Amino acid sequence: MPALDTQTKVAVIGAGAMGSGIAQVAAQAGHHVYLHDQREGAAEAGRDGIAKQLQRRVDKGKMQQQELDAIIGRIQPIENLSEAADTGLVIEAIIEDLEIKRQLLAKLEELCAGDTILATNTSSISVTALGAGMKKPGRLVGMHFFNPAPLMELVEVVMGLATSKTVAETVHATASAWGKKPVYATSTPGFIVNRVARPFYAESLRLLQEQATDAATLDAIIREAGQFRMGAFELTDLIGHDVNYAVTNSVFNSYYQDPRFLPSLIQKELVEAGRLGRKSGQGFYPYGEDAQKPEPQTEPAHQCDETVVIAEGNPGAAAPLIERLKGAGLTVIERDGPGRLRFGDAVLALTDGRMATERAATDGISNLVLFDLAFDYSKASRLALAPAEQASEAAVSCACALLQKAGISVSRIADRPGLVIMRTVAMLANEAADAALHGVATVADIDLAMKAGLNYPDGPLSWSDRLGAGHVFDVLTNIQNSYAEDRYRPALLLRKNAFAQKGFYS
């Protein structure tokens with residue numbers, strides 16, 4: 001289906017940050033936009049806020065004044081909903097309350113023409129439930145923007161049980177014409193992003209609760225090894241713990257308290273203490289003029305007189321690390337073997353989901369030191385290491401020294417299954433695989449949503465493929481065996497692909 005013509009008028013109901021942002025997007029695309037809010041003066045304030053933001057672009061030479069004037073001229077605040085009767089698309093961005101949204105949709109059905117598309121920007125309410133009370137639920141579709149709407153590329157086009165395919169396709173094409181990256185999703189709890197992203201927060205919170213290391217170190221590992229824009233604690237401080245915790249609880253309860261979505265007691269404590277993050281001045285980190293963010297724990301320089309690295313077999317995803325060691329001037333002798341590195345007293349291996357202590361005992365290697373996954377070993381500036389209980393301090397020093405010789409900062413953490421990046425990526429891929437299995441979205445749309453909506457360095461299913469067929473399944477199986485918890489059960493699609501030795505894109 002083609003996108004709505006720019007001659008089609010658009011109405012946005014709700015002039016808060018999100019509604020105003022959506023109005024700006026539609027106006028920038030060339031539509032005449034009605035902006036309405038039941039609060040007196042809010043629509044005018046919303047338009048003024050848009051003008052103020054765009055003026056900064058003009059002042060920096062990134063936009064012409066005449067362009068700004070044209071955009072603002074296309075945004076018309078209205079006092080009464082009846083003034084939006086001649087629109088072809090109405091997007092509601094009001095409070096997240098089922099009954100209040102239903103009341104608004106009922107009014108819009110009475111006011112607007114029968115072919116007017118009604119869209120909801122809800123991030124958590126079922127589109128099916130919203131449409132249940134409508135006369136023509138086929139005209140209702142989710143159009144979930146991400147904040148700030150003018151900057152964030154993703155739009156989830158959410159189809160309820162009754163949503164017309166034509167309506168969904170028109171909105172998808174329109175979002176694309178507005179410069180966005182739309183994806184289709186079915187109306188299930190959390191849609192794509194808010195569901196698949198839960199492990200990103202949950203695994204760091206779990207590691208913190210298990211005292212693997214501190215919040216600043218975990219965030220640094222996520223950024224500098226995983227190449228995520230922010231660590232979980234920085235991000236939840238930014239979002240607000242009340243908001244993030246509420247979403248986690250909503251998804252947890254919507255999936256009948258599936259342990260995969262179990263909320264964190266640590267985050268619960270923060271909310272109860274009023275430590276909501278940046279907006280309250282204190283979350284995991286302090287904020288304010290004199291606040292100092294804690295530094296991550298980084299190993300001091302270690303000494304190991306050895307200059308030769310023995311590479312026993314192909315270390316799989318960590319293969320680029322060998323090339324980096326060679327580039328650092330180390331002599332690397334490559335032999336057949338199970339994919340380990342030997343340097344002085346240390347035997348280093350990429351985590352496979354087992355604890356180092358368990359793996360050392362099982363494999364008969366006392367000086368085993370596990371290292372974490374990195375998005376790109378050739379560029380990673382930090383890696384997490386976890387030594388086995390059996391490992392000598394001399395072996396740990398050699399393991400740290402080896403990575404330091406390659407210019408990599410080392411954060412030594414307690415021995416926990418899957419370390420940090422590996423278990424986080426494995427759980428993201430697991431949730432994404434389960435969403436694909438249940439038809440929430442296609443594999444490609446899930447990956448696109450996580451990259452465009454949350455700036456992930458790669459989609460979780462694409463990342464899983466890069467690790468190799470069956471790798472994530474094996475890691476999760478080992479983590480589940482360690483904890484004996486259903487939380488880490490591998491998704492059925494991961495299991496099938498592992499035994500078929502295929503990836504999500506093959």
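Predicted model: local features only at pLDDT ≥ 70, side-chain atom pairs only at ≥ 80, totals over all residues.
Residues are numbered from 1 along each chain as its sequence is written, and side-chain values use heavy atoms, leaving out hydrogens and water. Helices (H or I, at least four residues) and strands (E, at least two) are DSSP runs, numbered from the N terminus.

So who does the packing? In α14, residues 356-363, it's A356, R359 and A360 that are buried (under 20% relative accessible area; exposed is over 50%, with a 1.4 Å probe and protein chains only). They span an arc of only 100° around the axis, which puts them on the same side of α14; the arc is taken from the directions from the helix axis to the C-beta atoms. An α-helix has 3.6 residues a turn, so residues three or four places apart point the same way. Just after the helix, G364 takes a positive phi of about 70°.

Now for a pair of helices. α16 (residues 421-437) and α18 (residues 460-467) pack at about 120°, with axes 8 Å apart; axes are lines fitted to C-alpha atoms over the stretch in contact, and angles run from 0 to 180 degrees between N-to-C directions. The contact is made by V425, L428, A429, A432 and A433 of α16, together with P460, L461, W463 and S464 of α18.

Methods: Contact = heavy atoms within 4.5 Å.
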